[in-house]
Amino acid sequence: MADGEEEATKVCSNCKRHINAPAYELHTVHCHRKLKLCRECDEPVPIAAYDQHYEDNHAPVRCGLCRETMPKDRLAEHEDSECPERTIECKYCGLDVKAAAYDGHADPCGCRTDVCELCGRRVMLKDMDEHREMKCRE
């Protein structure tokens, strides 16, 4: 093979790696004996560790807050950003409010007024940042 030429490769259907064409058949036999594609994430997993992979990543678990069932690998994201029972700190008063009730709390909470420490005017909390940036110095 001349410099700069690449040897032809094939993609293994089991492990998804590029394999040099001359070694492809031997690789395929070995690969199918050692690896199995996960039915959930389509990733190659050693056969000996397949059950543990499923338990660690895909076994059904229940959210401790809302009791919804989901694959284990989705639980952290669900608890952090999707669960309606998670708490969110209100940006106006600092109280922890359940996500499902946040809009119902934040809308009226943001309509409360406070004195702008820069100009002394009373401004709705939801408008305070814009007021300080634009109108306060007028």
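Is Met-70 buried or exposed? With a relative accessible area of 3%, Met-70 is buried, where buried denotes under 20% relative accessible area, exposed over 50% and partly exposed the range in between (1.4 Å probe, protein chains only).

The model shown in these views is predicted; local features require pLDDT of at least 70, side-chain atom pairs count only at pLDDT 80 or more, and totals for chains, interfaces and linings use all residues. Residues are numbered from 1 along each chain as its sequence is written, and side-chain values use heavy atoms, with hydrogens and water left out.

**Figure 1. Overall view of the chain.** The chain contains five helices and 10 strands, assigned as DSSP runs numbered from the N terminus (helices: H or I, at least four residues; strands: E, at least two). Its radius of gyration is 28 Å, well over the 14 Å that the globule rule gives for 138 residues, so the chain is more spread out than a compact globule. This radius is taken over C-alpha atoms, and the globule rule is 2.2 Å times the number of residues to the power 0.38. Along the principal axes, the C-alpha atoms fill a box of roughly 80 × 50 × 15 Å. Of the 138 residues, 25% count as buried. Among contacts (heavy atoms within 4.5 Å) with a separation of 6 or more, residues 24 or more positions apart account for 4%. The chain exposes about 10000 Å², of which carbon and sulfur atoms supply 48%; accessible areas come from the Shrake-Rupley method with a 1.4 Å probe, and for residues only the protein chains shown count as cover.

Figure 2. Met-70 is found in strand E6 (residues 69-71), and His-78 is placed in helix H3 (residues 72-82). His-78 is buried, with a relative accessible area of 2%. When residues up to four places away in sequence are not counted, Met-70 touches Ala-59, Pro-60, Val-61, Cys-63, Leu-75 and His-78. With that exclusion applied to His-78, the residues touched are Cys-63, Cys-66, Glu-68, Met-70 and Cys-83. The C-alpha atoms of Met-70 and Pro-60 are separated by 5.3 Å, although these residues stand 10 residues apart along the chain.

**Figure 3. Salt bridge between Lys-16 and Asp-42.** A search of the whole structure finds five salt bridges, each defined as a side-chain nitrogen of Lys or Arg within 4 Å of a carboxyl oxygen of Asp or Glu. One of them joins Lys-16 and Asp-42, with the closest N and O atoms 3.3 Å apart. This pair links distant parts of the chain, 26 residues apart: Lys-16 belongs to the loop between strand E1 (9-11) and strand E2 (18-20), and Asp-42 to the loop between strand E3 (35-37) and strand E4 (44-46). Lys-16 is partly exposed at a relative accessible area of 36%, and Asp-42 is partly exposed at 41%.

**Figure 4. Backbone of Lys-16 and Asp-42.** Most residues other than glycine have a negative phi, and most peptide bonds are trans. The phi of Lys-16 is near 65°, a positive value in a residue other than glycine. Asp-42 also has a positive phi, of about 60°, although it is not a glycine.

Figure 5. The side chains of Arg-39 and Glu-40 meet in a salt bridge of 3.9 Å, N to O. Arg-39 is exposed, with a relative accessible area of 57%, whereas Glu-40 is partly exposed at 46%. Arg-39 also lies over the face of Tyr-54, at 4.9 Å from the ring centre. Lys-36 lies over the face of Tyr-50, at 4.2 Å from the ring centre. A charge sits over a ring if NZ of Lys or CZ of Arg is within 6 Å of the ring centre and within 35 degrees of the ring normal. The structure holds zero aromatic pairs, a pair being rings of Phe, Tyr and Trp (its six-membered ring) with centres within 6.5 Å, classed as stacked for planes under 30 degrees apart, edge-to-face for over 60 and tilted for the rest.

**Figure 6. Salt bridge between Arg-132 and Glu-117.** The side chains of Arg-132 and Glu-117 meet in a salt bridge of 2.9 Å, N to O. Arg-132 lies in helix H5 (residues 128-135) and Glu-117 in the loop between strand E9 (113-115) and strand E10 (122-124), so the pair ties together parts that are 15 residues apart in sequence. Arg-132 is partly exposed, with a relative accessible area of 26%, whereas Glu-117 is exposed at 58%.
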